[in-house]
Amino acid sequence: MIRLEGITKVFPGVKSLDNVSFEAVAGEVHALLGENGAGKSTLIKTMAGAYTADEGTIYFDGNKRSWTTPKESKDAGIHIIYQELMLFPELSVAENIFLGQAPRTRLRTIDYKAMYESANETLDKLGHHLDSRVLVKDLSVADQQMVEIAKALVGETKLLVLDEPTAVISGRESELLFERIKLLRDEGVCIIYISHRLEEIFSIADRVTVLKDGQYVGTYDVAELDRDRLVGMMVGRKVKDIFPPKKDPPAKAAPVLTARNLCVSPKVNDVSFDLYAGEILGLAGLVGAGRSEVAHALFGSISRSDGGVTLGGEGFDAPSPRESIDRGLGFLTEDRKGEGLIMSLDVSANVTAPALPEFTTSLGLDRAHETQAAKDEIKRFRVAVPGPEYGVNKLSGGNQQKILFGRWTRTCRRVLILDEPTRGIDVGTKVEIYEIIRKLADEGLGVLLISSELPEIVGLCTRVLVMRDGIITGEVSGAEINEETIMKFATAAKEPMVQSVFLGEAT
Ligand SMILES: Nc1ncnc2c1ncn2[C@@H]1O[C@H](COP(=O)(O)OP(=O)(O)OP(=O)(O)O)[C@@H](O)[C@H]1O
Ligand SMILES: [Mg+2]
C-alpha cells in the first residue's frame, strides 16, 4: 500500500529522519513506535506531502509519488489524523467532519439537515454522542479528538494514519475506536498507528516498526515481541514501570488549598476537598466528568458560579490566572496548544513565561538568565531540541509537553495542578517525570493530579477523589487505592460498563 525508501529529512540543527525505509500493507494495523523526537510524526508528514523529503522515494498503491501538498495525498486516499488537531474552531462539528464534502440538496446548496444527521450518526458509531451543531471551539480536547476521528470515517480512505489518537480520550472511547479500526482493517484499509501506550499496541497492531533518533531500527510481528523487548529497542536501555515510593504528607499540617462547594455551571457541582502540602492528591474520573473544569476554576481560567476556595490559608475567590501564578499556584493544562504553549516563541520564552519578573531587571529582560533557565530545563527533562532559541512549534509533541512541565515546576511554590501530565510522553521519560512529581511533593508542594491513566493515579497518589458527572462520588486512600475501586466510583451503575482492556498496565 505505502512504501517509503531511504527517506531523509533534515531541519536546521536536526536530522529528523536518516535514510528510513518503511512499508505497510492493505489490511494491517501497523504501529510506528519510538521515543519523543524519534521522527514518527515527521515520517507520516512526509508520507502525506506535508513535508518534502530531502532524499528518498514514496510509493503509494504501487506507483511512485511525489506529493507537494497534503491535498494531493488526501485525494489519493490517505487520511491523516495529526497529533496536533487540525480543526476549524469557528465551524460546527458537522462542518468540520464534512469539510469540502458536505451533502447537497437538489439545488446544490449544503443540505444542513442531512449533514447534521449523518455527522451525528458517524459520532454515534464511535460511541461518542455529541451535538454536531456545536462549534468546535466550545468542545473539550477529548471531544475535538473524536471529531478528528469521525472525519476519517467519511469519504474514501485507503490509508488511515493516526498520530496518538488516544492521548486525550478515555479507555471506553479508545475501545470503541479500536473496534472501528479493526473493522476498517478487515475491509482492507491500511492503518498506521502511533501511540506511547504500549498496551494498545499489543491489543490492535499486527506489526510494529521502531524508530530511534531518526533511524530505522526494525519491523516486527507483534506476536513475536514482548513489552520489555519493545521498550528496549525504543529506549536503548531497560526501563521498568517503577513509581517512586509513596509518602503520606506531614501529619496535622493545615491544608494548603481548600475548596468548599465549588460549582461551575453546569459542569461541576458542590465539589469540596482539602489539599495538603507534601501530598499527591489524585482526581480521577472518566473524560467529561468535570475534572478539568475543577482545575480551571481553581486556577481562575474559568469562572466559578459558586463556592469558596482558600490558598495558603487565605481567601482565594475569583482569581485571575495572573493572580494564581503570583500566589504560587501552577497549572499544567491538558490543552498544550490552546492554553499552554506560545507557539510563536522559542523554548526560552516558553519556559520563563509565567515567571517574567524573575527574569526582568531594571534594564529589561535578562536574556542570559532566561537562556540559562531554559538550558537547565532542557537538560533536566532531556528535551530533544538543538537549543533554547529553537521555536517550540518545531518540537515533537512529547518534547513540547516536557517544556510545559519545566515551566511550571520552576514557578510554582504552593500548589501544582497537573492535567494529564504525561500525555504523549515516552516510556523512559515518564518514569523520570514521576520522580520529579514525587520530589516536588517532598519539597512541600501540594500536587493535584488529574490523569486518565489509572495506573498513574494508583502508582503516585496517597489519596484519590473520584468524580462522575460533575460531583465527587468517592474518596479512596491508602490500600483502598486500586483500579477497580476507582472505576466503580467513576462509572454509573445504571450504565453497562465496558470492561477496559487498557487498565492493566502503565506505559
Ligand atoms: N518543522 C520542524 N522544524 C524543525 N524541526 C522539526 C520540525 N518538525 C520536527 N522537527 C524535529 O524533528 C525531530 C523529530 O520530531 P517528530 O515530531 O517527528 O518526533 P516524534 O517521534 O513524533 O515524537 P513525539 O513522540 O514526541 O511526538 C525532533 O527533534 C523535532 O524537533
Ligand atoms: Mg509526534
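**Ground rules.** I number residues from 1 along each chain as its sequence is written, with chains lettered from A and ligands numbered from 1 in the order in which they are written. In this predicted model local features need pLDDT of at least 70, side-chain atom pairs count only at pLDDT 80 or more, and totals for chains, interfaces and linings use all residues, while side-chain values use heavy atoms, with hydrogens and water left out.

**Domains.** I looked up the domain bounds, which come from an automatic or database domain assignment, and found domain 1 at 2–235, domain 2 at 239–328 + 413–507, and domain 3 at 339–411.

**Domain 1 against domain 3.** I noted that the centres of these two domains, taken over C-alpha atoms, are 30 Å apart. Eight residues from domain 1 and nine residues from domain 3 make the contact (heavy atoms within 4.5 Å). I then looked up the buried area (accessible area, 1.4 Å probe, that two parts lose on being put together, summed over both), and it is about 550 Å² for domain 1 and domain 3, with 46% of it on carbon and sulfur atoms. On the domain 1 side, N36, G37 and E84 lose the most area to domain 3, together 56% of what that side buries.

I counted zero salt bridges between domain 1 and domain 3 (a side-chain nitrogen of Lys or Arg within 4 Å of a carboxyl oxygen of Asp or Glu), but two residue pairs are in polar contact, both at pLDDT 80 or more (a pair of N or O atoms within 3.5 Å; within protein, one must be able to donate a hydrogen and the other to accept it, and residues adjacent in sequence count only if both atoms are side-chain atoms).

**Ligand 1.** Turning to N36 again, I found a polar side-chain atom of this residue 3.0 Å from an oxygen atom of ligand 1, and a polar backbone atom of G37 lies 2.8 Å from an oxygen atom of the ligand. For Y51, a polar side-chain atom is 3.1 Å from a nitrogen atom of ligand 1.
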